[in-house]
Amino acid sequence: MTSRRRRSSRRRLHSPDQLLCDVDRSSGVLNCPLLFIQVTRLLCGGFVLALRINHNISDGIGLGHFLSAVAELARGLPARTTAPPPWSRELLEARVPPRPAFPHRVYDAAPIPPPPPPPLGDMVVRTFTFARRDVAAIKASLLTHLHGTATTFEALTAALWCARTAARDLSPREEARLVCIVGFRGIRELGIPAGFYGNAGVPSAVLTTAGELQASSLGDTVEMVREAKAAVTAEYVRSTIDLLVKLLFHC
């Protein structure tokens, strides 16, 4: 772990970017710190904490576990108020020999040659903020049996998938693919201990055509998102790990 402390001057910050953690050789994957923390102390007595983590060592939930443990130590709380962060990476090793048991379409080979990107003039960058009322409106448009059961992730992902597919103006026969990362900390068969801070998510894909997706209701699309989540079982996770080993090491 690498840390850096910065004391602010009496001058105003020129840009919020000055509060972000960005130093040379800290943004890569190899030969860079696993965790880099920058603390900017403000004249008012407060401080700004910025950090950069190497995704090989942890995911977002794991980082939250780690920071909670560090915060408890800093506050002087009794040891192990929360579960200690275990290593436990051996639980997610590939089987010998590796034996993937699912298609894992998310790792399909890219078409050769790849399709050309759209012209730069056709690309528009916009930021959309979905407030609570916006999410509620999306959920309200779902079929009756989904009211109160569809999660925010399911409803919003389905709506964005439909909107993006329509915006791309794809041919009805062209593939429309959704890929989402599904966490597996809660799968008991894998035995992931509480406080595990490593990567605990695998990609899951749903494939359809642009025509079928645009002909479907939003509720039908939510059901497809649910299928992607439900596909991630203990065997699916182990199959994904086995496939990655085969792809990386050609075994």
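What percentage of the 251 residues in the protein is buried? Buried residues make up 30% of them, where buried denotes under 20% relative accessible area, exposed over 50%, and partly exposed the range in between (1.4 Å probe, protein chains only).

**Figure 1. Overall view of the predicted model.** This is a predicted model, in which local features need pLDDT of at least 70 and side-chain atom pairs count only at pLDDT 80 or more, whereas totals for chains, interfaces and linings use all residues. Residues are numbered from 1 along each chain as its sequence is written, and side-chain values use heavy atoms, with hydrogens and water left out. The protein contains 6 helices and 5 strands, arranged along the sequence as β-β-β-α-α-α-β-β-α-α-α. Helices (H or I, at least four residues) and strands (E, at least two) are DSSP runs numbered from the N terminus. Along the principal axes, the C-alpha atoms fill a box of roughly 60 × 50 × 45 Å. Of the contacts in the protein with a separation of 6 or more, 71% join residues 24 or more positions apart; a contact means heavy atoms within 4.5 Å.

**Figure 2. Surface and charged side chains.** The accessible surface of the protein amounts to about 17,100 Å², and carbon and sulfur atoms contribute 58% of this area. Accessible areas come from the Shrake-Rupley method with a 1.4 Å probe, and for residues only the protein chains shown count as cover. The protein carries 30 positive and 21 negative side chains, with the centres of the two sets 12 Å apart. Lys and Arg are counted as positive and Asp and Glu as negative, while His and the chain ends are not counted. Each charge is placed at NZ of Lys, CZ of Arg, CG of Asp or CD of Glu.

**Figure 3. Helix 3 and its packing partners.** Helix 3 (residues 152–168) comprises 17 residues, and its first and last C-alpha atoms are 24 Å apart, close to the 24 Å expected at 1.5 Å a residue. The expected span is 1.5 Å times one less than the number of residues in the helix. Its buried residues are Glu154, Ala155, Leu156, Thr157, Ala158, Ala159, Trp161 and Thr165. They pack against helix 2 (132–140), strand 4 (175–183), strand 5 (201–209), helix 4 (210–215) and helix 5 (218–230). After helix 3 comes Asp169, with a positive phi near 55 degrees.

**Figure 4. Surroundings of Ala155.** Ala155 belongs to helix 3 and is buried, its relative accessible area being 0%. Neighbours within four places in sequence aside, Ala155 is in contact with Ile138, Lys139, Leu142 and Val222. Glu90 is 65 residues from Ala155 along the chain, and the C-alpha atoms of the two are separated by 35 Å.

**Figure 5. Backbone geometry in the loop between helix 1 and helix 2.** Most residues other than glycine have a negative phi, and most peptide bonds are trans. Ser88 lies in the loop between helix 1 and helix 2 and has a positive phi near 55 degrees, although Ser88 is not a glycine. Ser88 counts as buried, at 13% relative accessibility. Apart from neighbours within four places in sequence, Ser88 is in contact with Pro193 and Phe196. The loop between helix 1 (60–74) and helix 2 also holds Pro97, and the peptide bond from Val96 to Pro97 is cis, with omega near -5 degrees. His104 occurs in the loop between helix 1 and helix 2 as well. Its phi is positive, about 55 degrees, in a residue that is not a glycine, and His104 is buried at a relative accessible area of 4%.

**Figure 6. Cysteine residues.** The count of disulfides is 0, a disulfide being a pair of cysteine sulfur atoms within 2.5 Å. Cys162 is in no disulfide, since the nearest cysteine sulfur, that of Cys180, is 14 Å away. Cys162 counts as partly exposed at 22% relative accessibility, whereas Cys32 is buried, with a relative accessible area of 14%.

**Figure 7. Helix 6 and the residue that follows.** The buried residues of helix 6 are Ala234, Tyr236, Val237, Ser239, Thr240, Ile241, Asp242 and Leu243. Strand 5 is included in what covers them. His250 follows helix 6 and has a positive phi near 55 degrees.
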